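Here is a short briefing on one chain. Please look at the structure before reading on.

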Amino acid sequence: MIDTRVLVVTHSERIWGAERQLLDLRPRLLESGIELTLACKPGSELHETWTQAGSPAAAYAPAGPLGLREADGSRSGARSIARQMRVTASDARRIMHLVRATGVDVVESYTLNANIEVVLAGRLTRTATVLDVHDIVVPGLGRRVLSLSAAAASASIANSRATAATMARGRVEVVYPGVDIERFRPGRAEPDMRARLAARPDCPIVGILGRIDPEKGIEVVARAIARLPEPHDRAQLVVVGAPLMGSQSYDTALRAEVAHLLGDRARFVGPTDDVPGVMRGLDVLVNASRAEPFGLTVLEAQACGVPVVASAAGGIPEFVIDGTNGLLFGPGDEADLARALERMLGDDELRERVAAKGVVTAGEKSMDNQAAQIAALYRSITARRFERLREHS
């Protein structure tokens, strides 16, 4: 029986880690009486995948965002800011109409650039609001805007303590992302998987999964592998993912550098729907992000029994304990990463031990636990808002 309805507003069109989490959480929340309606751009990859699963969706094509900075990184001038305010007001009105049309109990922002509009729409329709924050916002104007939005929202969800630290105000609940331990579990790779991932499938395969952008540190991984001494200089690198819109120039430069460093020892295979299968085809999973809010691919690799080497940045150290269920290295430090990879690839006992501990870690962070925490939060804020409305009636 459905007792709480939530409108989830997003500017995302593609399916990355956070969007996959939302898709996987939806049926679990529905089982507990929480129905999600997704408001996103019609015809987008996310919209099509969501509706194909039989989930309710609302058409929402935002006029913004324009951003707080110009394309060259400079702060927007008065004219740009005035235009941004008009766009924000227009998008807030669109969300208000959707809230009233769907009759939801909660309206939630699932992307940073929808926060202000969602908070405004919630206030004007007297609807509970949630900000779901899964990005680390650097200090500056953006973080101040995020903090003000969090203060005005009914509650915010942060995917790690590192992410929560960027919101200095308001009610912030840390809810760690979970993993589907039925899909992501230890097992042998499919017979042809390693051949798809590497030119030399008989050699150790080091993988990095996610979008291709400068924050992910893919070039750091390639440089670290290029530094490995014998016998580890046979190690292969596979990059699984696609570039963000507007990152094509970085993608081109990255591929050229990786080819120069590793030649046919590196392969770019594009995004995949079979993430568990890819994980089981790896010998080591690396996350080299400079400031990873959480690191879902790390947890998924752990669930599959794959040893992980990850950057000691953002939310990763909150669940990866160096030397216990993985190895950590200094963010952006290719020499430190090379040492960690050499240690992992050269020590069978270490790989087996951290892999076994990683499976335990993933089991403790199941998606069912995540869904239960989120459902409890929704019910808490709607009950509190109902009490306030009754007091003022």
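Predicted model: local features only at pLDDT ≥ 70, side-chain atom pairs only at ≥ 80, totals over all residues.

Residues are numbered from 1 along each chain as its sequence is written, and side-chain values use heavy atoms, with hydrogens and water left out.

**I157**
- I157 sits in strand β6 (residues 155-158); strands (E, at least two residues) and helices (H or I, at least four) are DSSP runs, numbered from the N terminus.
- I157 is buried because its relative accessibility is 3% (buried is under 20% relative accessible area, exposed over 50%, partly exposed in between; 1.4 Å probe, protein chains only).
- Beyond its neighbours within four places in sequence, I157 is in contact with residues including V130, V175 and L377 (contact means heavy atoms within 4.5 Å).

**Salt bridges**
- The structure holds 23 salt bridges (a side-chain nitrogen of Lys or Arg within 4 Å of a carboxyl oxygen of Asp or Glu).
- R379 pairs with D3 at 2.9 Å, N to O. The pair links helix α14 (residues 367-392) to the segment before β1 (4-9), 376 residues apart.
- E35 and R5 form a salt bridge at 3.6 Å, N to O. E35 is in strand β2 (residues 34-40) and R5 in strand β1, so the pair ties together parts 30 residues apart in sequence.
- D24 and R183 form a salt bridge, with their closest N and O atoms 3.9 Å apart. D24 lies in helix α1 (residues 17-31), and R183 in the loop between β7 (172-174) and α7 (193-197).
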